[in-house]
Amino acid sequence: MTADTTRVLKNPLSGWVLYGSTGVADDYWQSLDDLAAPVRIQGYANTLYLRIAWSVLNPAEDVYGWNTDDKLKSLIDTARQRGMKLAFRVVTDSRDKATDFTPSYVRGAGAQGYQTQTGSHTVWTAYPDDPIFRAKYEKFLIAFAAEFNDPEVVDFMDGYGLGKWGEGHSLIYLDDANREEVFRWNIGLWLRLFDKVPVAVNYHRFIGWHKPGDPPSATTGWGSPAPGSLELLTWAFEQGCSLRHDAFGMTTYYGQWERDLAAAWKFRRPVIMEGGWITGSHSYTDDPRGYQTPRDVRQGEYDDSAEGHVNTMDFRVGNETLSWFNDAPDLIDAFTANGSYRLYPDTLSLPTVLHPGAAPTIVHRWSNDGWGYCPNNLPQWGYRYKPAFALLDEDLTVVATAVDRDAEPSVWLRGTSTEYRFTPKIDNVPGGRYQWGVAVVDTGRSDTPGLELAAEGRVSPSGWLLVGDCTVG
């Protein structure tokens, strides 16, 4: 079969991620549609990512922003109306913010914390090893998961969320000796509550760390890795976390330590990428790669993404989204063609005649034109995606389905093809003429097509790629 190398595929944990917040302008979607013309923005982006304060999601005890915040509700609803899934990072740390990111009721309940200055604003952050903070945070996450632990709605959760900017570094504790215990508690909580949605954690060399002696306002981001970071992150990935980093293209921050860690987990866990430089406000010309223009920054992010075999790239918001479309539209197309996973059957051998009671032999070989992988091995996915074959009648209604449960999409990697011989039993099909369909189905949704294939050809309304005729009788 012929691969489709240009179409944007709407698959989970893949493609472009767009950023939003409750502070977006009223013309947020229209401005993005204008930017992405002649198609709308969802023609490029699969996911709307909300990096959002805990205090916005949970402004008072037992009050939740997804029920009460009109701007948040509108943003969620309009994204879903556009066929986009959601992703979240819940930020609890108020440093560098103009308001408290931990709800005031947590402080009122007696949680201990510390104050910092953001310009003229005095803000408060709770210690993550404070027992009151932890009890309130867990109560909130239970409610959050009850609403959003749904793979039909949410693409991934950017878990952990502690530390400066929610990136997992620069944490201030009541007792520095609690670093490892806090990390394991928090990751364990996210993984337990979000057992159906992938949970990512930043692979930061200073995970859960703040340099002793530094003031709370300091950022721990450069230099030799903190002791224990590799062990903590390895444990998290082994438990089922995906990888994420917020500084692709930022050479000093996304350094060799991070590159080596991503390489060690290549095709074992997916990588979610965010660019580091903000071209509208950061001094990106200071980067050791010698960037001179926003286009250079976009190229650096793309190159790091290719090296890291990422499954998603970010448009972000504002000037960064504008820069992708104005400065590097060819790189948008390049990621569409080469990034993430792009699965298709490159060879199929299907019988043209089926006799009642016979067990036909189907030979199917699969390729992946993307540099990433289909993370079917994530515990949250539980190997739910499998290749399958269907017989469709003249109305393109499925009359029989056969799923090859021994075939595994997570091992279909770029540059190789994987072949299977499948002998299904297809019974109780009336005599007549049919068409074969092939798909990667979601076994958690009644074996219906679950992934878009990167193959040219006609697709039935229910999502089966039509691949040949068959006579039964």
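In strand 8, S242 is the bridge partner of A200. The chain runs from strand 7 through helix 8 (residues 229-239) to strand 8 in a right-handed β-α-β crossover, where right-handed denotes a clockwise path from the first strand over the helix to the second with the strands pointing away from the viewer. This is a predicted model, in which local features need pLDDT of at least 70, side-chain atom pairs count only at pLDDT 80 or more, and totals for chains, interfaces and linings use all residues. Residues are numbered from 1 along each chain as its sequence is written, and side-chain values use heavy atoms, without hydrogens and water.

Helices (H or I, at least four residues) and strands (E, at least two) are DSSP runs numbered from the N terminus; two strands pair if DSSP finds at least two bridges between them.

| Strands | Sense | Bridges |
|---|---|---|
| strand 6 and strand 7 | parallel | two bridges |
| strand 7 and strand 8 | parallel | three bridges |

M157 stands opposite V199 in strand 7. V199 and V201 on one side of strand 7, and A200 and N202 on the other, are buried, that is, under 20% relative accessible area with a 1.4 Å probe, protein chains only.

Helix 10 (residues 294-308) includes V297, Y302 and D304 among its buried residues. Just after helix 10, H309 takes a positive phi of about 55 degrees.

There are zero disulfides, a disulfide being a pair of cysteine sulfur atoms within 2.5 Å. The sulfur of C241 is too far for a bond because the closest cysteine sulfur, in C374, lies 19 Å away. C241 is buried at 0% relative accessibility, and C470 is buried at 2%.

Notes:
Buried < 20%, exposed > 50% of the residue type's maximum accessible area, 1.4 Å probe, protein only.
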